[in-house]
Amino acid sequence: MEKQPLLVSSSPHLHCGMNTRDIMRDVVIALIPALVASVWLFGFRALAVEVVCVASAIATEYLSRLVMKRPQTVGDLSCVVTGLLLAFNLPVTIPLWQAAFGSVVAIAVAKQMFGGLGQNFVNPALVGRIVLMGSFPDAMNNWEVPLSWLGKADAVTGATPLALLGTEGAADIEPLQLLFGLRGGCLGETCVAALLLGGIYLVVRHVISPLIPVIYLATVFVLTWLLGSDPLVQVLSGGLMLGAVFMATDYATCPINKAGKVVYAIGCGLITVLIRMFGSLPEGVSFAIVIMNILSPLIERATKPRPFGAGKAVRS
Amino acid sequence: MFSTLIHKSRGGVHVPHRKHTAECETVVMPAPEKVLIAMSQHLGAPCIPLVKVGDTVEVGQMVGSSEVPVSAPIHSSVSGTVTALKELLLPAGRTTLALEITSDGENRVHSSVKPPIVNTQEEFIEAVRASGLVGLGGAGFPAHIKLNPKDRDTIDTLVINAAECEPYITTDYRECMENSWDIVSGVQTVMEFLGASRVVIAVERNKPAAIAELSRIAASVTVPGRTVTVKALPARYPQGAEKVLVAACTGRRIPVGGLPADVGCVVMNVTSVSVLSRYLKTGMPLVSRRVTVDGSAVEKPQNLQVALGTPIKDILAFVGLKKPVRKLLFGGPMMGLALMNDELPLLKQNNAILALAEEDVTEIPASTCIRCGRCVDACPMQLLPTSITKAYYAGNTDELKRLSTMNCMECGCCSFSCPAHRPILQTIRMAKDILRATK
């Protein structure tokens, strides 16, 4: 046996064994229940939108890195997560080329132009959604009634529960229906039960801390209750569960420290409620998260943890 | 309450224990043909050799000492002849002088080896110094400095560190199992001379046998007004780090840049206490120590009692290797130092030698930081490792100061938990070097 030279490196010489791809794969797994639900609720067109979004996200990531002459990062699966999340934020009727355009904007503009994974300052999927909302407002506001693809419903399109709240139609809203996604809305946002399942999986796998989703949802619940709305319906409707579990918890765009996460989640809840109750838009989750994304570095700076033993010596 | 809930993260990580040698009773390794006695085996000033090439030395004879207070004398571990004075590159990167002593195989004991007379505080500290004892847990801080704090009156607690939170290492565990009466007698002596009213012996929960044994002997200490308790701590790395340990045992938080004495505590390694009590009985200074030899390249992992200065290659030859060694460590895998060669001798503060084979040395290239915050959650000092590395790459020393970079104790939890495999601790070390240079 020939003697190899010894490897000298800095400690630690052990690693927990986890890598970035494992984390992203866990997020994809956590999104699968909602993906299945979207196909059940909206038919195979939903799957088509999802496939188009993911495929164009992967292609854009690959091409962006190629053009910028940077190492390939498709393998870390983060572009798959972004593509899926964008698809979940689109109505089933969206023209497929528009869905693909959203993915290109999300990956090329919001993510890669700012340096790629971990460097983006706002959630790429939400940027994609907001750009599509501004570019194609009609296509982005066309809500198909769930299960209409099976030919069971009377009407094919209808208003979302949030748009109904405050009108006489509000009385028809059943929280249990909302839990299982039997309402109009974006592909992945309606089935709250599936999203919760994914969220629990992420918490159990230590991919996310429950801090942001729990505080975000609690803030919306308390504020809408104080403002005289139905808090349960508020929490179960719109894109709130999708946003709280999968979008607000995006590593790159939320504060890294615990105290910062608390402030950030309260802010998300506050802005969501303000837009829903007082704004001209029925839903405010996307804007709330994007605004708080931008404030994240400032929050982080203001809530910097005090190092162990800083301040006066504690002697009990 | 709310602010403590969100500001105080628990920190630390779960490391694999790999305590394969826990039930391996200590085997005495015969002294080798040649030992290499380094003149710096402690924190502080290196010693000056007291013997020259050609001199005859005996076991326990002082062969190096220093006038500087923060230092510890060095003794010969064999009897024989000084055959060379070499320059030695230590794993931490400093060079030191080292005496090569060729053993005559007789292990004659030097005439100076006799039990010290200890009646007063001064005599006690002098005896501790003469024993050559340094912190045996890895840091190598001279014991006589530690046991002679400036404000002795404010010290009320002696914490005995038997946490042994590093994977693989079982030397302190074996001390608890094999020499518990030396531990109790050492604890009593130190407690008395320090004037501490309570002693907390801290052990991680994953060592129930040690907890039972230490509790049994702690119960035998009945000094009025003084208490000796055993505290079982969660098995969470770095439980044995001084600041973490003091907080876990007493609830006191050592200030930034401070010492345990600042919060009325003295922390001593459990083997150090035991060795001290044996020195007071026999007068034999620190010339050998127990070391865990383990790692995937080792044929039969075990605990050895080895003469200080024994070259690593002799120790590895004694235990046998089954695979080629790719990485050789002094100490545990979390904080241990990687060695450049196997010629280096065993030093006082080395509690383990780990010989890792290829399968344990997979180097995964670092990818970009995804800001997952695992390093922030893992940092027991509640620092922001991501921000520190960012400030380092930006060359922003003011920001490095604001981030309390010097408070990092280099436990390695950040790098251990980084999914992007970034060399976070290595970067923080470089940042600390910059701060030291600009001070």
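## Strand 15 of chain B

In strand 15 of chain B, Lys327(B) and Leu329(B) point to one side, while Leu328(B) and Phe330(B) point to the other, and all are buried. A residue is buried if 20 or more other C-beta atoms lie within 10 Å of its own, exposed if 12 or fewer, and partly exposed in between, with C-beta atoms placed from the backbone. Helices (H or I, at least four residues) and strands (E, at least two) are DSSP runs, numbered from the N terminus.

This is a predicted model, in which local features need pLDDT of at least 70 and side-chain atom pairs count only at pLDDT 80 or more, whereas totals for chains, interfaces and linings use all residues. Residues are numbered from 1 along each chain as its sequence is written, and chains are lettered from A and ligands numbered from 1 in the order in which they are written.

## Partners of strand 15

Strand 15 of chain B pairs with strand 16 of chain B in the antiparallel sense, over two bridges; two strands pair if DSSP finds at least two bridges between them. Across this pairing, Leu329(B) is opposite Ala338(B), and Phe330(B) has Leu337(B) as its bridge partner. The two strands form a hairpin with six residues between them, and Gly331(B) in the turn has a positive phi of about 95°.

Strand 15 of chain B is also joined to strand 17 of chain B, by four bridges and in the antiparallel sense. Here Leu329(B) stands opposite Leu354(B).

## The six-stranded sheet

These strands belong to an open sheet of six strands in chain B, with the order 1-14-13-17-15-16 and mixed pairing. Its edge strands are strand 1 (27-28) and strand 16 of chain B, each of which pairs on one side only. Strands of a sheet pair through backbone hydrogen bonds, either parallel or antiparallel.

Helix 4 (residues 171-178) of chain B lies across strand 13 (288-294), strand 14 (302-307) and strand 17 (352-356) of chain B, at about 125° to strand 13 of chain B. Axes are lines fitted to C-alpha atoms, for helices over the stretch in contact, and angles run from 0 to 180 degrees between N-to-C directions.

## The four-stranded sheet

Chain B also has an open sheet of four strands, ordered 11-10-9-12, with parallel pairing. Strand 11 (227-233) and strand 12 (265-269) of chain B are at the edges with a single partner strand each, so one side of each has no neighbour in the sheet. The twist from one strand to the next averages 25°.

Six bridges link strand 9 (residues 157-162) and strand 10 (residues 198-204) of chain B in the parallel sense; within this pairing, Ile160(B) has Ile201(B) as its bridge partner. Helix 6 (residues 208-218) of chain B lies across strand 9, strand 10 and strand 11 of chain B, running at about 170° to strand 11 of chain B.

## Chain B as a whole

Chain B contains 14 helices and 17 strands. Its radius of gyration is 22 Å, close to the 22 Å that the globule rule gives for 439 residues, so chain B is as compact as a globular protein of that length. The radius is taken over C-alpha atoms, and the rule is 2.2 Å times the number of residues to the power 0.38. Of the 439 residues, 54% count as buried.

Chain B is divided into domain 1 (121-282) and domain 2 (364-438), with bounds from an automatic or database domain assignment. Their C-alpha centres lie 31 Å apart. Each of the two domains gives seven residues to the contact between them; residues are in contact if their C-beta atoms, placed from the backbone, lie within 7 Å.

Chain A has 13 helices and zero strands. Buried residues make up 50% of its 316 residues. The C-alpha atoms of chain A fill a box of roughly 80 × 55 × 35 Å, taken along the principal axes.

In the contact between chains, 60 residues of chain B meet 40 residues of chain A. Helix 1 (2-7), strand 15 (327-330), strand 16 (337-338), helix 13 (413-417) and helix 14 (424-438) of chain B each supply at least two residues of the side that touches chain A. By class, this side of chain B has 33 nonpolar, 19 polar and eight charged residues. Ala, Val, Leu, Ile, Met, Phe, Trp, Tyr, Cys and Pro count as nonpolar, Asp, Glu, Lys and Arg as charged, and the others, Gly among them, as polar.
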